[in-house]
Amino acid sequence: MSRFQKFKHQTRDAIHRGFDRHIRLAVTGLSGAGKTALITGILEQLLYANETQQLPYFKVKQQQRLNGCRLHTSSNWQVSRFDYEGAINCLTGDTPKWPQSTRDVSEIRVEVKYQPRSGLAGRVLDTRRLTLDLIDYPGEWLLDLPLLQLNYDEWSQQQQRLLNAELRHKLASEWLEKVNSMAIEASEDSAEQQLRELAADYRAFLRQCRSRKLLLLQPGRMVLPGELEGAPVLEFFPWPLSRPVPDVWAKRLQEKYRYYQQHVITPFYQKYFKYFNRQVVLVDVLQALQNGEDHFAELQLAINELMKSFSYGNNSLLKRLFSPVIDKVALVATKADSIAPQDHQKLTNLLRLMTQKQRQELQFDQIPHQVFSVAGIATSQIKKLSDGTTVLDGINEQREFVRVGAPEMPDAIPTGADWRRGYVYPQFYPGFTVQDSPLPHIRLDQLLEYVLGDKLK
Ligand SMILES: Nc1nc2c(ncn2[C@@H]2O[C@H](COP(=O)(O)OP(=O)(O)OP(=O)(O)O)[C@@H](O)[C@H]2O)c(=O)[nH]1
Ligand SMILES: [Mg+2]
């Protein structure tokens, strides 16, 4: 992009922000939380808004003031466009499947053209435009953001606390033993070689954690390196023992950690995360219930850490022009189509309980926030059988029809006996064809109204 074009783009973005018509929505969620599916669902509903009866709560559509929506490449020309068409092809192809886990960053811009509600603005201007920017990225990389606020020692202490949990400790045992027993070499070259070896083992441990569905895995690039595969910047690890780091290692580990903060996390944060002004925090509560107590606790910790990485505040005009802050937050439990509709309220309540601390802080800062249960792409159908039981019909990975009884949904955070009994939720697969567009969803209209509605008046 030429300097002039870039200036033009930036000026236009600043003007839109100034007139309150530019939303950069942070879709925040760990790997597998449902970011890509939700973004696809949002785009699908917006593009088809005027041709569907699926959006009863999206007022601009209900009041027949929506002219339409159009997709554009984002103003950041160095980033790939979010492959909405590819995602829909996946979901509706010959063998429908979920889009793959995201491997890199992509962005997309939606232009929403609408008529203002009657009143002065309605008479003076015929149509207005709202731009909505959405960014998709690998969930693994999100967990690097909290590291920006921790030095190496603080990070190590946090990781040591995590290693006390039974499952992690078991998975780390070989690595811990190796760190503990390695004879420290005096020469710098040998020390470097030792750290490289221990970092490779730490990475193998992180990957094992991942395959056991643990969530708080840092540094994120070790789990999914992208273009950093094999780069020396990844040759570090948190110090896991209670005795201090040997001197010859300490300097190197701290240096690498700082380098990672400055050259990997900071640019990622500055490029994508700094300018958000609205946020949707996606949480896969059902998966965490199914995976058990340790996972559930890690998920709560991860949400807490993540939300510390964003700036919340009152988005005054001045702030909006120069350094936008998040002025509204939706906390969203995803994949609500995996349970019966009469249990959605319980799912919402559970997320409310899980995020009590974060909500109190938002409340204190007077940031509007609300909790939802949604499905970006709804894959099941609810049926009431003649004997009164409720079942969910869907398709499994082998594309076979499956019918399951409504799974149990706790209405409070489970306790010891509940965890021992455990929870199981169906994992449905998409079974759509191109004729099914707009694809079904659950409560995306309420979410859209909450996130965009006040800007579409
Ligand atoms: N039933 C149901 N399953 C969903 C829904 N959204 C996502 N899933 C499931 O969750 C998986 C992960 O969803 P993604 O949207 O890829 O998650 P993500 O947050 O983008 O994950 P990363 O790209 O790895 O960061 C999908 O492959 C589906 O199996 C939904 O609305 N309903
Ligand atoms: Mg994704």
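A residue is near a molecule if one of its heavy atoms lies within 4 Å of it. That cut-off sets the shell described next. The model is predicted.

**Around ligand 1**

By this rule, 22 residues surround ligand 1. The closest are Gly32, Lys35, Ser101, Thr102 and Gly139. What kinds of residue make up the shell around ligand 1: nonpolar, polar or charged? The shell divides into 8 nonpolar, 11 polar and 3 charged residues. Helix α2, residues 35–47, gives the largest share of the shell, with 3 residues.

| Residue | Part of the residue | Distance to an oxygen atom of ligand 1 |
|---|---|---|
| Ser31 | N or O atom in the side chain | 2.8 Å |
| Ala33 | polar backbone atom | 3.3 Å |
| Gln427 | polar side-chain atom | 3.4 Å |

How much of ligand 1 does the protein bury? Taken alone, ligand 1 exposes 640 Å². The protein buries 91% of that.

**Helix α2**

Now look at α2 by itself. The helix has 13 residues. At 1.5 Å a residue, α2 should span 18 Å.

Is α2 mostly covered or mostly open? It is mostly covered: 12 of its 13 residues are buried. Among them are Lys35, Thr36, Ala37 and Leu38. Glu44, Gln45 and Leu46 are buried too.

**Helix α7**

Helix α7 runs over residues 152–163. Its 12 residues should span 16 Å at 1.5 Å a residue. The end C-alpha atoms of α7 are 16 Å apart, which agrees.

Which residues of α7 are buried? They are Tyr152, Trp155, Ser156, Gln158, Gln159, Leu162 and Leu163. Seen down the axis of α7, these buried residues fall within an arc of 160 degrees, so they line one face of the helix. An α-helix has 3.6 residues a turn, so residues three or four places apart point the same way.

**Ser74 in its loop**

Where does Ser74 lie? Ser74 sits in the loop between β2 (66–72) and β3 (80–81). Buried means under 20% relative accessible area. Ser74 has 1% relative accessibility, so it counts as buried. The side chain of Ser74 also makes a polar contact of 3.1 Å with the side chain of Glu107.

Notes:
Residues are numbered from 1 along each chain as its sequence is written. Chains are lettered from A and ligands numbered from 1 in the order in which they are written. This is a predicted model: local features need pLDDT of at least 70, side-chain atom pairs count only at pLDDT 80 or more; totals for chains, interfaces and linings use all residues. Side-chain values use heavy atoms; hydrogens and water are left out. A polar contact is a pair of N or O atoms within 3.5 Å; within protein, one must be able to donate a hydrogen and the other to accept it, and residues adjacent in sequence count only if both atoms are side-chain atoms. Accessible areas come from the Shrake-Rupley method with a 1.4 Å probe; for residues, only the protein chains shown count as cover. Helices (H or I, at least four residues) and strands (E, at least two) are DSSP runs, numbered from the N terminus. Ala, Val, Leu, Ile, Met, Phe, Trp, Tyr, Cys and Pro count as nonpolar, Asp, Glu, Lys and Arg as charged, and the others, Gly among them, as polar. The expected span of a helix is 1.5 Å times one less than its number of residues. Buried means under 20% relative accessible area, exposed over 50%, partly exposed in between (1.4 Å probe, protein chains only). The arc is that of the directions from the helix axis to the C-beta atoms.
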